[in-house]
Amino acid sequence: MRRAVFYLFYDPQGQVDDYVLHTLEHLRPHAEHVFVVSNNALDETGVARLEGAADQVWQRENIGFDVWAFKEAMEVLGAERLAAYDEIVLMNCTVFGPVGGFDDLFARMDARADVDFWGVTEHGDTDEHAFDRTLPMESHIQSHWTAVRRRMFTSDAWREYWHEMPMIASYRDSIVRHESRFTSWFTEQGFVNTVAFPVAD
């Protein structure tokens, strides 16, 4: 499967820890293109470390949190290049691992030809939304790792979702406007999702 990974990195000091390189090293065999987007300026050592593990490193101002970083990084790569891939992965540096490798995970999920998007873990249903206790919150893929197949990321629904995305000004915004909404919104558009490790397990 031809795969591009968008890896969101943020460190206030612009330093790149070993665990980040460990993750990127283990993603490398499963990704044709690794695009690291840093939401802050990196020091020279940090740039060199990331360039040694990625195909592309792009530094931007920390505006819009992860959501706008992904939105703009996909625009930088370009829709035509994006459409050449079978799957894209949007993930961030809050993933610490793997312990072992990603081989089994990708093999298991690659075999799921029936899904349009998937994650590693999910947040289960709850009667109280994390940021509005008067509302329930549906089960959803946790946004530290969201993989999306071509049928979905080349769709009108995908373009609409990102075009209509308002500016993310806080962590609350990122949860309400993206993370807790993404799964149900695309499911309502007819796309099928799964997670590698369901909350029920």
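Here are a few notes on this predicted model, point by point.

1. Ground rules. Since the model is predicted, local features need pLDDT of at least 70 and side-chain atom pairs count only at pLDDT 80 or more, while totals for chains, interfaces and linings use all residues. Residues are numbered from 1 along each chain as its sequence is written, and side-chain values use heavy atoms, with hydrogens and water left out.

2. Strand S5. Take a look at residues 117-123, which form S5 (strands are DSSP E runs of at least two residues, helices H or I runs of at least four, numbered from the N terminus). Of the 7 residues in S5, 5 are buried (buried is under 20% relative accessible area, exposed over 50%, partly exposed in between, with a 1.4 Å probe and protein chains only).

3. Its neighbours. S5 runs antiparallel to S7 (residues 145-149), with 3 bridges joining them, and pairs in the parallel sense with S8 (residues 193-197) over 4 bridges (pairing takes at least two DSSP bridges between two strands). Trp 118 has partners in both: Ala 147 in S7 and Thr 194 in S8.

4. Helix H1. Val 20, Leu 21, Thr 23, Leu 24 and Leu 27 are the buried residues to check in H1 (residues 18-27). They line one face of the helix, because they fall within an arc of 160° when seen down its axis (the arc is that of the directions from the helix axis to the C-beta atoms). Asp 18 and Glu 25, on the other side of H1, are exposed. The cover over the buried residues includes S1 (3-9), S2 (33-38), H2 (44-51), S4 (87-92), H5 (103-110) and S7 (contact means heavy atoms within 4.5 Å).

5. Thr 183. This residue sits in H8 (residues 171-188) and counts as buried because its relative accessibility is 6%. Its side chain reaches the backbone nitrogen of Ile 141 at 2.9 Å (a polar contact is an N or O pair within 3.5 Å; within protein, one atom must be able to donate a hydrogen and the other to accept it, and residues adjacent in sequence count only if both atoms are side-chain atoms).

6. The second largest pocket. Which residues lie nearest its centre? Met 74, Ala 79, Leu 82, Trp 158 and Arg 159 do, out of 13 lining residues. H3 (65-77), H4 (79-82) and H7 (156-163) each give two or more residues to the lining, and H7 gives the most, with 4.

Key. 1 Å grid on protein atoms, 1.4 Å probe; cavity = no way out; pocket = protein on both sides within 12 Å on 5 of 7 lines; lining within 4 Å.
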